[in-house]
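User: Could you take a close look at one part of this model for me? I'd like the local picture first, and then how the rest of the chain looks around it.

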Amino acid sequence: MDEIEDVKENLSKVNKDVDEVKVMMSQMLEKFNMLELLSKLPSLTEGMFNTPREDILIAGDLGTGRSAEIFSWEKNGWYEICQMNKRHVGASSFIYNEQLFVVGGCTKTIETLDFNELPLKWMEWSDELPYESYYHQTVVCQQSVIHIGGYNVEEGKNSNVISELQLTSPCTLKVLCQMPQPRDSHGAEAFEDKILILGGDVHDDVLDSALEFDPEKNECKELPSLPRPMQGMATVLWRDQVIVLGGRDKDDHALNDVFMYDCKTGKITALPYMLKKRNQCCAVITGNTIVVMGGDDDDDDHSSVECFTMGSSMWKYLPSMNEERPRTVAEVLPSTRKYV
């Protein structure tokens, strides 16, 4: 009987060793497939790694909600600039007519930076938004500023409205279209003459839907779904791909997933995972380098920053910011002048 027990024990150890080898081989295969995929991305050349990179501005924090800083590639560090006039949390941003706009975010205020006036100084726009909102998106498309969804504080609910933000006096939101579902914490990117709207949250129901808004027809149409329901992710546009980064899933777990969503076909292409899980982070792309900043995970808010160059195989850390920054906005600065 003892010999039988010894044989059983040895078989159990062998099975355990086999399982460990299977896991190791699976991980190696996954890495090999990822490297093979990256090598086949369209038109990747050595020259792309030397593409000039513009400095980055990030604004907002969970403390005062007013601080801002700039990352200088030349100096490889973050430098604080003057604070915004009002607190902005869950705001949106865009660049228009050589000015950076920060829109709403638990306030009706719009603030601007004029890139032609140095040192940079925040100015309040002459008029306020019609209502207070947060976790909305603003996208410039065909010289129009499109305001999408968000949480309408005055109505106490998520919005399904797509509007044109008219920077007049009074400032108005001209309704263009209604989405099939209201949503906040979604992603949005302009591609050619359309706007893609991805994921989001409505009453704690996390969405996997993808929409295409046509400003010419003022219509939305459904696109192929995301690989999973998600909200609070960052997005950037690279060629004809929306790159989706981080966020939270339907079980409220922070993600470090990264994938490309083909604007024309809806095809999903996985990219390497970020080094940290990041919900409500922000991201920019400069040259062929994606930079992801801040956010939070299931435990902490982040000041850390990481970058990924298209065609490479891994993420790398950049110097951390001076503040922890979830729920903020970031933009690439024009390269025509030095800001720090």
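Arginine 53 sits in the loop that runs between α1 (2-39) and β1 (56-59). Keep in mind that this is a predicted model.

Take the tryptophan: arginine 53 and tryptophan 73 are 20 residues apart in sequence, and their C-alpha atoms are 7.3 Å apart in space.

Tryptophan 73 leads us on to the aromatic rings. Together with Phe71 and Trp78, Trp73 makes up one aromatic cluster. The chain has 8 aromatic pairs by the rule used here. In the pair of phenylalanine 71 and tryptophan 73, the ring centres are 5.1 Å apart and the planes meet at 85°, which is over the 60-degree cut-off, so the pair counts as edge-to-face.

Now for the open space in the model. The largest pocket has a volume of about 810 Å³. Its lining has 36 residues, and the ones closest to the pocket centre are Gln137, Glu189, Thr235, Ala283 and Glu331. The elements giving two or more residues to this lining are β4 (92-96), β9 (137-141), β15 (187-191), β21 (234-238), β25 (282-286) and β29 (329-332). By type, the lining splits into 20 nonpolar, 13 polar and 3 charged residues.

One more stop is serine 144, which belongs to strand β10 (residues 144-148). Beyond its neighbours within four places in sequence, serine 144 is in contact with Val139 and Glu164. Serine 144 and tyrosine 96 are 48 residues apart in sequence, yet 9.3 Å apart in space from C-alpha to C-alpha.

Zooming out, the chain has 1 helix and 29 strands. Among contacts with a separation of 6 or more, 49% join residues 24 or more positions apart. The accessible surface of the chain is about 16,500 Å², and carbon and sulfur atoms hold 47% of that.

How values were computed
Residues are numbered from 1 along each chain as its sequence is written. This is a predicted model: local features need pLDDT of at least 70, side-chain atom pairs count only at pLDDT 80 or more; totals for chains, interfaces and linings use all residues. Side-chain values use heavy atoms; hydrogens and water are left out. Helices (H or I, at least four residues) and strands (E, at least two) are DSSP runs, numbered from the N terminus. Contact means heavy atoms within 4.5 Å. Accessible areas come from the Shrake-Rupley method with a 1.4 Å probe; for residues, only the protein chains shown count as cover. On a 1 Å grid over the protein atoms alone, a cavity is a set of points where a 1.4 Å probe fits but cannot get out, and a pocket is an open set with protein on both sides within 12 Å along at least five of seven lines; lining residues have an atom within 4 Å of a point. Grid points are joined across faces, edges and corners, and a volume is the space filled by probe spheres set on the points. Ala, Val, Leu, Ile, Met, Phe, Trp, Tyr, Cys and Pro count as nonpolar, Asp, Glu, Lys and Arg as charged, and the others, Gly among them, as polar. Rings of Phe, Tyr and Trp (its six-membered ring) pair if their centres lie within 6.5 Å; planes under 30 degrees apart count as stacked, over 60 as edge-to-face and the rest as tilted.
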